[in-house]
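Welcome to my notebook. Here I jot down what I looked up, one entry at a time.

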Amino acid sequence: MGRAPADGISEPVPAHPGETAAAVPSGSRAGRNLPAALAVGFGLGLSLIAILLFVPEVFIGVVAVAIAVATWEVAKRLREADVLVPRIPVILGGQAMVWLGWPFGAVGVAGAFAATVLVCMVWRLFDHGLRTAPRNFLRDIGITVFALAWIPLLASFAVLLLLEPNGNLRVLTFMILVVCSDVGGYVAGVLFGRHPMVPAISPKKSWEGLCGSLVFTIIGGLLTVTLLLDANSMIGVLLGVGLVLVATVGDLIESQIKRDLGIKDMGTMLPGHGGIMDRLDSMLPSAFVSWLVLSTLI
């Protein structure tokens, strides 16, 4: 689900707690191995396009696998920081949200989310046995609920979007616009980035990069909504602006979480990108906004 490094340069987050930003190697001005990142991005992008055009139901399985891996990555990083997220019920509950959305829609997703929260509460309450009171129960459950909402719940809206009329084209539209946002931010950030947007969270994310994201994504929205969905072009403008805003915020949220944890990436599965979660940060909130806008206006 191709995502270029935001604004062309990744934020200098320490690789381990206590490690300085200067100690983190950077293979390019983008802060990544750019050839590897492009190869992985193009490979994933072309694979997803083929799936959506020829076997769209398989996309549900792709989402399920992606969120299972992303949830495991986040839970592992949280446990390294002594935050005990119940991994088994969180991963299984995430799968329930995705797969129950297929036959039951939003009701299935909401029911699976609520049931998973309850199971996680009970699991964490007794995961050290009946004779030992859990430590940091409220903190751990609060972060668990956040992780459930952040990853599988938001990802489930991509499945709900697929189930709409011409759902494969709606998902393709949403993915194209997220890529437009990332590419626009990357190009404008590298070429013109001079004014940091939120230096306390992501020092290399610039206002110029945000403007580049807006330009690319609005143009992409006009074209995709008109040509793929045969709908009013103004819906494309609205969707483009909305996706840039939530994709940027999603990227910043993950950046702050990694800052809190003292890590550079959530995982190492994808060369040049980090982990699966490092590619989903902007796509997860974008899936919800795409479902909301397209389901309401088309």
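At what angle do the axes of helix α2 and helix α3 cross, and within what distance do they come? A reminder to myself before I answer: this is a predicted model.

**Entry: the helix pair.** I looked up α2, residues 58–80, and α3, residues 87–126. Their axes cross at roughly 160 degrees and come within 9 Å. An angle over 145 counts as roughly antiparallel, so α2 is roughly antiparallel to α3. I also noted the handedness: α2 passes α3 in a right-handed crossing.

**Entry: who touches whom.** From α2, I found that the contact includes Ile 60, Ala 64, Ile 67, Trp 72 and Arg 79. From α3, the residues in the contact include Arg 87, Val 90, Gly 94, Trp 99 and Trp 102. I sorted the contact residues by kind and got twelve nonpolar, four polar and two charged.

**Entry: a leucine on α3.** Staying with α3, I picked out Leu 118, which lies in that helix. Is Leu 118 buried or exposed? I found Leu 118 exposed, with a relative accessible area of 55%. I then checked Leu 118 against Ile 141: they are 23 residues apart in sequence, and their C-alpha atoms are 10.0 Å apart in space.

**Entry: cysteines.** How many disulfides does the structure hold? I found zero disulfides. I looked up two cysteines as well. Cys 120 is buried, at a relative accessible area of 1%, whereas Cys 211 is partly exposed, at 45%.

Conventions:
Residues numbered from 1 in each chain as written. Predicted model: local features only at pLDDT ≥ 70, side-chain atom pairs only at ≥ 80, totals over all residues. Heavy atoms only, no water. Disulfide = S-S within 2.5 Å. Buried < 20%, exposed > 50% of the residue type's maximum accessible area, 1.4 Å probe, protein only. Axes fitted to C-alpha atoms, helices over the stretch in contact; angles between N-to-C directions. Helix = DSSP H or I, 4+ residues; strand = E, 2+ residues; numbered from the N terminus. Parallel < 35°, antiparallel > 145°, perpendicular 65-115°, else oblique. Left-handed = near helix turned anticlockwise from the far one by under 90°. Contact = heavy atoms within 4.5 Å. Nonpolar A, V, L, I, M, F, W, Y, C, P; charged D, E, K, R; others polar.
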